[in-house]
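Please take a look at it first, and then read through the points below.

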Amino acid sequence: MADFGINEMQEMQKSLQDKYKHIWEPICAETGQNKLLWMIGEIGEVIDIVKKHGGDIASTDSNLRKDLIEEMADVLMYYNDVLLCYGITADELKQAYSDKFERNMKRW
């Protein structure tokens with residue numbers, strides 16, 4: 001598989017949003033909070049898998065690993081919806097991430 005990053009995920013999310021625009025709430029700053037709450041719910045599902053089975057088993061048992069990865073994909077889908085709601089571009093995110101990385105590398 002070729003590189004798979006924020007740009008590709010955002011394009012996929014835009015396609016989903018366009019396809020289901022008559023069913024799903026719109027992507028805009030007003031709905032960003034709802035997308036964050038849905039993302040937190042999906043993070044909870046990831047936590048439930050790890051908490052119930054332990055990290056080692058969740059990452060090595062093929063069925064649990066499949067469920068774990070699927071829930072992580074759900075988290076990323078809502079994460080990308082949040083970025084789209086607030087108009088955050090991949091370049092802006094890369095810059096902020098890089099800046100934060102540099103600060104953390106010098107922290108201790």
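Which residues make up the largest nonpolar core?

1. That core consists of M39, V46, I49, A58, L68 and V75, 6 residues in total. A nonpolar core here is a set of buried Ala, Val, Leu, Ile, Met, Phe, Trp, Tyr and Cys residues joined through side-chain atoms within 4.5 Å. At least two of its residues come from each of α2 (32-53) and α4 (62-85), and α2 gives the largest share, 3 residues.

2. A word on the source: this is a predicted model, with local features needing pLDDT of at least 70 and side-chain atom pairs counting only at pLDDT 80 or more, while totals for chains, interfaces and linings use all residues. Residues are numbered from 1 along each chain as its sequence is written, and side-chain values use heavy atoms, leaving out hydrogens and water.

3. Take M39 from that core: leaving aside residues up to four places away in sequence, M39 touches V75, Y78 and Y79. Contact means heavy atoms within 4.5 Å.

4. Next, look at how α1 (residues 6-19) meets α4: their axes come within 9 Å and cross at roughly 85 degrees. The two helices are therefore roughly perpendicular (65 to 115 degrees). The residues of this contact divide into 8 nonpolar, 4 polar and 2 charged.

5. Finally, is N80 buried or exposed? N80, in helix α4, counts as buried because its relative accessibility is 1% (buried means under 20% relative accessible area, with a 1.4 Å probe and protein chains only). N80 touches I6, M9, Q10 and Q13, again not counting residues up to four places away in sequence.

Note on methods. Buried means under 20% relative accessible area, exposed over 50%, partly exposed in between (1.4 Å probe, protein chains only). Helices (H or I, at least four residues) and strands (E, at least two) are DSSP runs, numbered from the N terminus. Axes are lines fitted to C-alpha atoms, for helices over the stretch in contact, and angles run from 0 to 180 degrees between N-to-C directions. Angles under 35 degrees count as roughly parallel, over 145 as roughly antiparallel, 65 to 115 as roughly perpendicular and the rest as oblique. Ala, Val, Leu, Ile, Met, Phe, Trp, Tyr, Cys and Pro count as nonpolar, Asp, Glu, Lys and Arg as charged, and the others, Gly among them, as polar.
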